[in-house]
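The following paragraphs give a guided reading of the structure shown here. They begin at the ligand and then turn to the domains and their strands.

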Amino acid sequence: MKEVFCTKVLKNELIAKGIYSMILEYHEEIACRIIPGQFVNLYLNRKDLLLPRPLSICRVLTESINIVYRISGSGTKELSCYLPGALIRVSSPLGNGFDLSICEKDVKPKASIVGGGIGVPPLLELTHRLVGMGVSVQAVLGFQDEPYLYEEFQKAGAAVRLATDSGKTGFRGTVMDLIKDETSVQEAEERFLGEICFACGPSPMLSALSGHCIKTGTLLQVSLEERMGCGFGACVGCVCKIKTSDGAILKKVCKDGPVFPGNEVVFDA
Ligand SMILES: Cc1cc2nc3c(=O)[nH]c(=O)nc-3n(C[C@H](O)[C@H](O)[C@H](O)COP(=O)(O)OP(=O)(O)OC[C@H]3O[C@@H](n4cnc5c(N)ncnc54)[C@H](O)[C@@H]3O)c2cc1C
Ligand code: FES
C-alpha cells in the first residue's frame, strides 16, 4: 500500500553539471523492502508544483535512501535548492523493480547493466544486490560528456565500461556503438552482454538494445521512465504498449512497471 510521509533532506550536492545527489532520511523497515528498480514520488513544498516527481532509488543506505536527479524543469530545479535539514514529503517505494529470480540459481548467469545518462542511477542498487548474490556484473555506462557515479559501480564490484558521446572519457560514441563494436569482436566466442541484461536510459537506446538482445539471445529487462501524472495508477498518464499474443495492450509504467521484459515493449519509432 502506498504511504506518504514527511522526511528530512540529509545531503543535496552537485555531482556533475546539472546532476544532483540527494540523501533522504527513510524508515529502515520500509527501506529494507526496496526492490532495485523501484522509485519514490517526491512532493515539492511549493504549492504550484502540485504533481509528485517520480525519482528512482539509486541506493538504499542506513536509515536513508540516495536519489540522483538531473535538473530538467521547475520541479527538479526547486529540489536542487533544498538544503540539509529541509523537510519534504516522500512516498513508500513504488512500482515493480527488476526480477532477480534467474540470478538466484546455483549456476549464476553473467549479467550486464546498461545505463544511459540519467538512466544510470537506478542501476546502482541493482549492481550491489547482484554482486552480493555472487553474479559477475559488467556495467556499460554511457554519458553525453561528463561521466558520474561510475566509480560507485566499480566500488560495488562491477567491471565498468564507459562510453561518452564527446569521447572525453572511455569509448567515443553511444553505449550501443560500444556494445556493437565489442559484439563483432567477440561474437563467435561469447555473448558480450552475457545471459541477462538490465537496462535504463533513453527510449532510442532501449529500443536498439532490445533488438540487439533478441538477436544475441540475451534476456533483457528494461526500466522505462515515461512522463507521469499521479505516479500511483490513478490517472493513466504514463501508459506504454506491451506486446501480447493478441496484439499490443496498454500498461501503466507507474504500477505495472517501470521494469518490463525488453522483448515485450513496443518502442515508438
Ligand atoms: C519511474 C521513473 C523514474 C525516474 N527516475 C529518475 C531519476 O532517478 N533521476 C532523474 O533525474 N529523473 C528520473 N525520472 C524523470 C523525472 O521524474 C523527471 O525528470 C521529473 O519528474 C521532471 O520534473 P520537473 O518538474 O523538473 O520537469 P517538468 O518538465 O517541469 O515537469 C512537469 C511535469 O511532468 C512530469 N515529468 C516531466 N518529465 C518527466 C519524466 N521524464 N518522467 C516522468 N515524469 C516527468 C513531472 O513529474 C511533472 O509532473 C524518472 C521518471 C520515472 C517515470
Ligand atoms: S502516472 Fe497516473 S496512472 Fe501512472
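A residue is taken to be near a molecule if its C-beta atom, placed from the backbone, lies within 6 Å of it. The model is a predicted one. The shell around ligand 1 comprises 24 residues, of which Ser-56, Tyr-69, Gly-73, Gly-75 and Thr-76 come nearest. Two or more residues of this shell are given by each of β4 (53–56), β6 (64–70) and α2 (74–80). Sorted by class, the shell around ligand 1 holds 13 nonpolar, six polar and five charged residues. Both domain 1 (4–91) and domain 2 (101–266) contribute to the shell, with at least three residues from each.

These two domains are the parts into which the protein chain is divided. The C-alpha centres of domain 1 and domain 2 are 22 Å apart. Contact between them involves 18 residues of domain 1 and 17 residues of domain 2. On the domain 1 side, β1 (4–16), β3 (39–43), β4, β5 (59–61) and β6 each provide at least two of the touching residues. The class composition of that side is 12 nonpolar, three polar and three charged residues.

Strand β7 (residues 87–91) pairs with β1 in the antiparallel sense over five bridges, and Phe-5 has Val-90 of β7 as its bridge partner. Strand β3 also runs antiparallel to β7, to which two bridges join it. Here Leu-42 stands opposite Val-90 in β7.

Seven strands form an open sheet with mixed pairing, in the order β11-β10-β9-β8-β12-β13-β16. Strands β12 (residues 196–200) and β13 (residues 219–223) are paired in the parallel sense over five bridges. In this pairing, Phe-198 has Gln-221 of β13 as its bridge partner.

Helices also pack on this sheet. Helix α3 (residues 124–132) touches β8 (110–116), β9 (136–143) and β12, and its direction makes about 165° with that of β9. Helix α6 (residues 203–216) lies across β8, β12 and β13, and runs at about 170° to β13.

Note on methods. Residues numbered from 1 in each chain as written. Chains lettered and ligands numbered in written order. Predicted model: local features only at pLDDT ≥ 70, side-chain atom pairs only at ≥ 80, totals over all residues. Helix = DSSP H or I, 4+ residues; strand = E, 2+ residues; numbered from the N terminus. Nonpolar A, V, L, I, M, F, W, Y, C, P; charged D, E, K, R; others polar. Domains from an automatic or database assignment. Pairing = 2+ DSSP bridges. Contact = placed C-beta atoms within 7 Å. Axes fitted to C-alpha atoms, helices over the stretch in contact; angles between N-to-C directions.
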